[in-house]
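Me: I have a model to go through with you. I will ask what stands behind each label.

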Amino acid sequence: RKGMFYNAFTLHSHSILTSTDVLCLVYAQPTDCERDVWNQVNAVLQDSESILSGLQAYKGAGQEIREAIQNPNDMILQERAWNSVCPLVIRLKKLYGFSLRLERALQSLLESLTCPPYTPTQHLEKEQALAKQFAEILHFTLRFDELKMRIPAIQNDFSYYRRTISRNRINNMNLDIEREVNNEMANRMSLFYAEATPMLKTLSTATTNFVTENKTLPLENTTDVLSTMASVCKVMLETPDYTCRFNSEDTLLFCMRVMVGVIILYDHVHPNGAFNKSSKIDMKGCIKVLKEQPADNVEGLLNALKFTTKHLHDESTPKNIRSMLQ
């Protein structure tokens with residue numbers, strides 16, 4: 001299903017994307033020129049499903065924490081809560097560590113897909129396996145954040161951990177975990193999990209830093225990659241000849257998540273954002289195609305556009321765009 005998306009870059013750029021082409025698209029495979037970066041990013045993406053499974057299985061230690069707080073002098077309950085929280089904190093550290101790996105992978109892909117002498121469209125045509133990985137990162141990111149938003153236990157557990165460590169209220173307990181998650185690490189993790197959409201925030205910051213650190217690289221090299229990806233997704237989603245051939249609802253969700261992800265990155269790195277009339281992204285069309293999908297499938301994506309973008313509430317944003325997202 002994903003190959004359908006990637007090979008569409010070439011077809012989209014020549015305006016000859018037909019239903020027959022969509023049916024015949026196959027998974028993009030790395031060329032020799034792409035292989036080094038592809039291998040580096042693939043090593044990260046291979047762990048993405050286990051990361052999502054771990055997050056989905058997160059149950060939290062709410063009951064143990066409540067009992068410990070309600071009975072502050074009962075050391076058995078204090079120890080039970082602590083022993084319940086510590087493995088969860090180790091798991092949260094693993095998820096946070098994956099965000100750092102994902103950030104590095106994204107920056108490697110940006111370097112490859114924007115470097116001279118090729119134009120962004122040429123890059124997307126020549127390096128479709130890397131474009132595929134870029135889309136997979138965004139797909140993972142939106143899935144991660146959708147799950148995280150439904151698990152308030154994460155912040156509750158981590159807050160309890162930090163309070164317990166800082167107040168030094170537990171005596172004669174194994175505090176080896178402090179070597180695993182020291183104060184500096186806890187501060188960084190706390191900032192990460194405080195975000196409503198922590199992975200999107202990580203990637204937005206990484207993309208902004210990439211643009212800032214590569215001052216000799218024209219900004220359009222980055223924003224054109226993002227806007228082209230958004231356009232391909234929108235065309236595939238709004239055209240019945242394509243959507244009726246998607247082999248599952250997952251394919252629809254994949255295209256929607258990638259589209260929303262690149263819009264958010266574009267909005268963070270372009271000075272005027274994605275909503276401005278001068279934007280190369282058809283925001284009205286993108287929002288329209290999202291709102292035509294079942295509400296349960298797009299609520300999180302529309303919220304991401306509302307709350308994770310940077311320029312939605314600028315005066316330059318057309319009122320009809322703002323009203324579509326209200």
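Me: What makes Leu-142, Asp-145 and Glu-146 lining residues of the largest cavity?
Reply: This is a predicted model. A lining residue has an atom within 4 Å of a cavity point. Leu-142, Asp-145 and Glu-146 are listed in that lining, together with Met-149, Thr-197, Leu-200, Gly-300, Leu-301 and Ala-304. So each of them meets the 4 Å limit.

Me: Which helices each supply at least two residues of that lining?
Reply: Helix 9 (128–148) and helix 18 (295–307).

Me: How do you know the class make-up of the lining?
Reply: Gly counts as polar, and Asp and Glu count as charged. The lining of the largest cavity therefore splits into 5 nonpolar, 2 polar and 2 charged residues.

Me: Why is this space called a cavity?
Reply: A 1.4 Å probe fits at its points but cannot get out, so the space is a cavity and not an open pocket. The largest cavity has a volume of about 40 Å³. The structure holds 1 cavity of 30 Å³ or more.

Me: What share of the chain counts as buried?
Reply: 52% of the 326 residues. Each of those therefore has under 20% relative accessible area.

Methods:
Residues numbered from 1 in each chain as written. Predicted model: local features only at pLDDT ≥ 70, side-chain atom pairs only at ≥ 80, totals over all residues. Heavy atoms only, no water. 1 Å grid on protein atoms, 1.4 Å probe; cavity = no way out; pocket = protein on both sides within 12 Å on 5 of 7 lines; lining within 4 Å. Points joined across faces, edges and corners; volume = space filled by probe spheres on them. Helix = DSSP H or I, 4+ residues; strand = E, 2+ residues; numbered from the N terminus. Buried < 20%, exposed > 50% of the residue type's maximum accessible area, 1.4 Å probe, protein only.
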